[in-house]
Amino acid sequence: MSGSMATAEASGSDGKGQEVETSVTYYRLEEVAKRNSLKELWLVIHGRVYDVTRFLNEHPGGEEVLLEQAGVDASESFEDVGHSSDAREMLKQYYIGDIHPSDLKPENGSKLLVILDFTHHRRCSLRFPVPLLHIGKQILLRRPC
Ligand code: HEM
């Protein structure tokens, strides 16, 4: 096994109250990055690795968009499209493992930054119409009735 791959054992419940052993394969980002062609195409969505090679021809959005995200983190583009719950359900078929914890980027942290950024923009856009309102008022007042 190459040094960039690892497996970990985890126990979970099978829904019937029985403990089952499940094993997770961890991939490093550099390992995923190598699978970036039509021959072998992996991508990452929310810390999970998907082998979408056999899905390329079937993707309703076309193979071009998948090729653009080949070997990289496609979480943002996947969400931007607003994929249906059916599409999310389909992901399971292509799941092969998780991104190694040391390669994970803090998704919640980036969400917080987006919120902070949004508040910043809102404050700016609220400041903008005030002079406009003032000019409008001046024009209205100047017009003889
Ligand atoms: C394994 C990963 C993916 C699966 C299972 C998947 C599945 C689907 C499905 C089922 C649809 C039909 C519409 C829907 O049900 O939402 C779709 C449409 C689409 N997908 Fe994906 N997709 C994946 C990854 C991506 C990625 C990474 C992109 C990158 C941009 C993408 C872009 C699109 C686009 C542009 C459409 C067309 C949307 C439209 O026509 O309105 N998909 N995908």
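Is H59 buried or exposed? At 14% relative accessibility, H59 counts as buried, because the cut-off for that class is under 20%. Before I go on, please note that this is a predicted model.

I'll start with the overall layout. The chain holds six helices and five strands. Read from the N terminus, the order of elements is β-β-α-β-β-α-α-α-β-α-α. Of the 145 residues in the chain, 22% are buried. An unreviewed UniProt entry places the feature "domain: Cytochrome b5 heme-binding" at residues 24-100. That stretch is 36% helix and 22% strand in the model, and its end C-alpha atoms lie 10 Å apart.

Now to the metal site, and back to H59. The iron atom of the ligand is coordinated by NE2 of H59 and NE2 of H83, at 2.0 Å. These two histidines come from distant parts of the chain, 24 residues apart. H59 is in the loop between β4 (48-51) and α2 (63-68), while H83 is in the loop between α3 (75-81) and α4 (85-94). What is the geometry of the site of the iron atom? The site is octahedral, with six donor atoms and angles of 87 to 179° among them.

Next, the aromatic residues. The count comes to three aromatic pairs, and I will go through two of them. In the pair of Y50 and Y95, the ring centres are 6.1 Å apart and the planes stand at 65°, so this pair is edge-to-face. Y50 belongs to strand β4 and Y95 to strand β5 (residues 95-99), so the contact ties together parts that are 45 residues apart in sequence. Y50 is buried, at a relative accessible area of 5%, whereas Y95 is partly exposed, at 32%.

The other pair is F55 with Y94. Here the centres are 4.9 Å apart and the planes are at 40°, so the pair is tilted. F55 sits in the loop between β4 and α2, and Y94 in helix α4, 39 residues apart. F55 is buried, with a relative accessible area of 9%, and Y94 is buried too, with 5%.

Two arginines also sit over rings. The charged end of R48 is over the ring of Y95, 5.3 Å from its centre. R35 lies over the face of W42, at 4.2 Å from the ring centre.

Y94 brings us to helix α4. Which residues of α4 are buried? They are A87, L91 and Y94. Seen down the helix axis, the buried residues of α4 fall within an arc of 70°, so they line one face of the helix. In general, an α-helix has 3.6 residues a turn, so residues three or four places apart point the same way. On the other side of α4, S85, D86 and K92 are exposed.

I45 is found in β3, which covers residues 42-45. With a relative accessible area of 5%, I45 is buried. I45 and A6 are 39 residues apart in sequence, and their C-alpha atoms are 19 Å apart in space.

To recap the site: H59 and H83 coordinate the iron atom of the ligand, the site is octahedral, and H59 is buried. That's what I have for today.

Terms used:
Residues numbered from 1 in each chain as written. Predicted model: local features only at pLDDT ≥ 70, side-chain atom pairs only at ≥ 80, totals over all residues. Heavy atoms only, no water. Donors = N, O, S within 2.8 Å, 3.2 Å for Na, K, Ca; no water. Tetrahedral: all angles 85-135°; square planar, octahedral: opposite > 155°, others 65-115°. Helix = DSSP H or I, 4+ residues; strand = E, 2+ residues; numbered from the N terminus. Buried < 20%, exposed > 50% of the residue type's maximum accessible area, 1.4 Å probe, protein only. Phe/Tyr/Trp six-rings, centres within 6.5 Å; stacked < 30°, edge-to-face > 60°. Lys NZ or Arg CZ within 6 Å of the ring centre and 35° of its normal. UniProt positions renumbered as here; feature names shortened; annotations may be inferred. Arc of directions from axis to C-beta.
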